[in-house]
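Trainee: I would like to learn how to read a model like this one. Where do we start?

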Amino acid sequence: MKLSSLSMILGAALFFAACSDDNSVGSTPSGEDVAVQLSFKTVPMERVGSSTRSGESTLNLGGGDASGINFSASATRSVDKIGMDESAIKDLWVFQYVTGGAFVRRQYFSAVDVEDFRMDLSKNVFGQTSNLYFIANVGPNAFPDVLATETAFKAYGVKITDEASILPTVGFVPMYGSLSNLTLPDDFANNSNAVTLTRMVSRVDFSFQLAATGLPTGFKIKSVRLMNVPSKSFPYKDAAATIFPALTDVTLLDFDYELIAVTDQTSSAVSLSFYLPENMRGDGSGTVETDKTGITGASCIQLVGYADGDEITYNIYPGGDATANYDLVRNTTYEVSAAITGIYEDDARVKKTPLANTYIVRPGSSINIPVKRANQSAQIGQQLANITTGWSSAVLWRDNSALTITTDDTTLQSEGFFTVKVPELTAEGNAVVYITDGTNTLWSWQIWVTNYDPESENENYNTYTFMDRNLGAVNATAGDAGALGLLYQWGRKDPFAGASVKNSNTLKTLYLGGSGTTTYASTNTVAPATSANNLETAIRNPGVFYISSSSPNDWYVGSSTTQNDVLWGITKTVYDPCPAGWKVAPQAAFSSWSTGTSNWDTTDLGRTNTDASGSWYPASGYRNSSTGALGDVGAIGYYWSSAVNGVGGSYLHFDNNNVSAGSNNTRATGLALRCVQD
């Protein structure tokens, strides 16, 4: 939550009498009511300066004395910290449980007198003592249902769906406190109970500055974003917890902090602050600053800059130190400064957005795509004399009607990029997006919308690291149609629809554009019968499946004497359809496959590789090179390699009885792909 979005409500307005605001919300008080009086206090937020000097590091997180960071009026996304009262309380939930764990009552107060707070509780129920839990500044809708046991309360997290929901009571910080083992009313006899509240969130104060030398001319930071934000804010945390919350409660959504235009980034530090729910991920193995390159689920500040058609991302991980710790602890402020001194790709914290033909995009997130890819084909030459103008982007098709995808040219076209946004949080699938000059499609990309992370979910055998699923698959579940993925012609970068079910030759339906249910009419077009090069035409028409009924049945040319054997290869090419860091599997990667090293599954219709735990290769069938029709789904598995075999492409082939790791198929045939690490 950006502090600039907070409405500051300070002073006497914070202190109201609470008695008239006592609301018993959705609960039936048990036992005799007893009036109690208490007060609230807060403890100061601890401060951690996680930046240290690092000499020649690209990201010099050493801003000197952390307490000396200047958050002055010139800061673009911050406010004066002196004017922010993080101890204020506007609304309050109170839960009462007996020490045996049973629910007694819950109450909500819209206004709170922090020095003289009065409320009713239930006198000792069944002769048991009580535990009280206080949650402040989370809004009146934080607890829509009764939490029937103390265990349920402790496990409950307030949902974080967007940036605004981090601070649901605008202008106030969520807080939590408790009182335990109370005998009522005896323990309130002296009216001396004070509840200590601690903030449920962390705060990060961040500052960056560009070095005067060492960066490309015109380099600018365009945005700052916070990655890996917990999807729930938990009032209660076990004091013994060292990793918190559970990794399943750390969303992979990113919250964007778009900077207001900075007129002089080279001489002025840019500062911003934000809150986020507690995210304790523990220690990594780092010993120096450049080792702090991430740990699963750790919150990360990303600075995104542009120069010469490249997008450079600087990944900065706040924590207890600058080398190994990734904890963002509640009630703690972390102060981090970064000096951007260059673009050094040997520093693992600095990432240049790769040029690829497929990009993995998580549901609910976005990606910026560099259009300079359209100039990288040696066969068709430069298509964009100026990558910052003369083109527009659009969505060609999607393979899931529930999937919504948009493209945005306006924000980053001046840097040679367009943005693909996937707002849906749950829908997965694939799409093809493209850029056009108004007459021709210049290049196209597959957008693989999935939560799949190939870096952590893969399998190793035969000296290669494989993805554990087909390219375009939304899961790796044996027998599930989502594991079938898409189909590809040998040497082309563009995907085509495969089967919609595991055991039928029924093509998956494609949908036109970025939303809606209008069917996209994929076309089967006869490839040229002469020796003409069809590559440029194929690039111009990424939705056309080129067929050929005469030898060599190649979408590229009509004569075997002019075929192109290096469209794919051992070294990844500009036409390789796999995401960055991955490539079409070489033929050697399948060499260990046999009936002895794989098992046929008669129920789920595919094979498992016994050399890799959990491996699944569905019998995804093929698209016929002469007709484009789908066949052999559920009966035969076909997987392209990057190699050629005579006039055809080489591929892995299997059925219920046979396995062949070096079969030959015509290049216009559409087969599945399994990518290997590049």
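Mentor: Start with a term. A cavity is a set of grid points where a 1.4 Å probe fits but cannot get out, and its lining residues have an atom within 4 Å of a point. Keep in mind that this is a predicted model.

Trainee: What is the idea behind using a probe?

Mentor: Rolling a probe the size of a water molecule over the atoms shows where empty space is left. In this structure the count comes to 4 cavities of 30 Å³ or more. The largest cavity has a volume of about 60 Å³.

Trainee: Let us step back to the whole chain. How many helices and strands does the chain have?

Mentor: There are 2 helices and 46 strands. Of the 678 residues, 57% count as buried. The accessible surface of the chain is about 25500 Å², and carbon and sulfur atoms hold 48% of that surface.

Trainee: What share of the contacts comes from residues 24 or more positions apart?

Mentor: Such residues account for 71% of the contacts in the chain with a separation of 6 or more.

Trainee: Now a sheet. In which order do the strands of the open sheet of 5 strands lie?

Mentor: Read across the sheet: β23-β29-β28-β25-β33, with mixed pairing. The edge strands are β23 (358–361) and β33 (511–512), and each pairs on one side only.

Trainee: Do β23 and β29 pair in the parallel or the antiparallel sense, and over how many bridges?

Mentor: Parallel, over 4 bridges, with β29 spanning residues 441–449.

Trainee: How should I read a strand inside its surroundings?

Mentor: Begin with a general point. In a regular strand the side chains alternate between the two faces of the sheet. Then check burial, where the cut-off is under 20% relative accessible area. In strand β43 (residues 648–654), 7 of the 7 residues are buried, so β43 is largely enclosed by the rest of the structure.

Trainee: Which strands does β43 pair with?

Mentor: Take β42 (residues 637–645) to begin with: 6 bridges join β42 to β43, and the two run antiparallel. G637 stands opposite F654 in β43. The two strands form a hairpin with 2 residues between them, and G646 in the turn has a positive phi of about 70°. β43 is also joined to β44 (residues 659–665), antiparallel, by 5 bridges. There Y651 stands opposite S663 in β44. This hairpin, β43 with β44, has 4 residues between its strands.

Trainee: And the disulfides? How many does a search of the whole structure find?

Mentor: The general idea: a disulfide is a covalent bond between the sulfur atoms of two cysteines. The search finds 1 disulfide. C578 is joined to C675, with S to S at 2.1 Å. The pair links distant parts of the chain, 97 residues apart. C578 lies in the loop between β35 (544–547) and β36 (582–584), and C675 lies in strand β46 (residues 675–677).

Trainee: Why is the disulfide of C578 and C675 called left-handed?

Mentor: The torsion about the S-S bond is about -90°, so the disulfide is left-handed.

Trainee: Are C578 and C675 buried or exposed?

Mentor: Both C578 and C675 are buried. Another cysteine to inspect is C300, which is buried with a relative accessible area of 2%.

Note on methods. Residues are numbered from 1 along each chain as its sequence is written. This is a predicted model: local features need pLDDT of at least 70, side-chain atom pairs count only at pLDDT 80 or more; totals for chains, interfaces and linings use all residues. Side-chain values use heavy atoms; hydrogens and water are left out. Two strands pair if DSSP finds at least two bridges between them. A disulfide is a pair of cysteine sulfur atoms within 2.5 Å. Buried means under 20% relative accessible area, exposed over 50%, partly exposed in between (1.4 Å probe, protein chains only). Contact means heavy atoms within 4.5 Å. Accessible areas come from the Shrake-Rupley method with a 1.4 Å probe; for residues, only the protein chains shown count as cover. On a 1 Å grid over the protein atoms alone, a cavity is a set of points where a 1.4 Å probe fits but cannot get out, and a pocket is an open set with protein on both sides within 12 Å along at least five of seven lines; lining residues have an atom within 4 Å of a point. Grid points are joined across faces, edges and corners, and a volume is the space filled by probe spheres set on the points.
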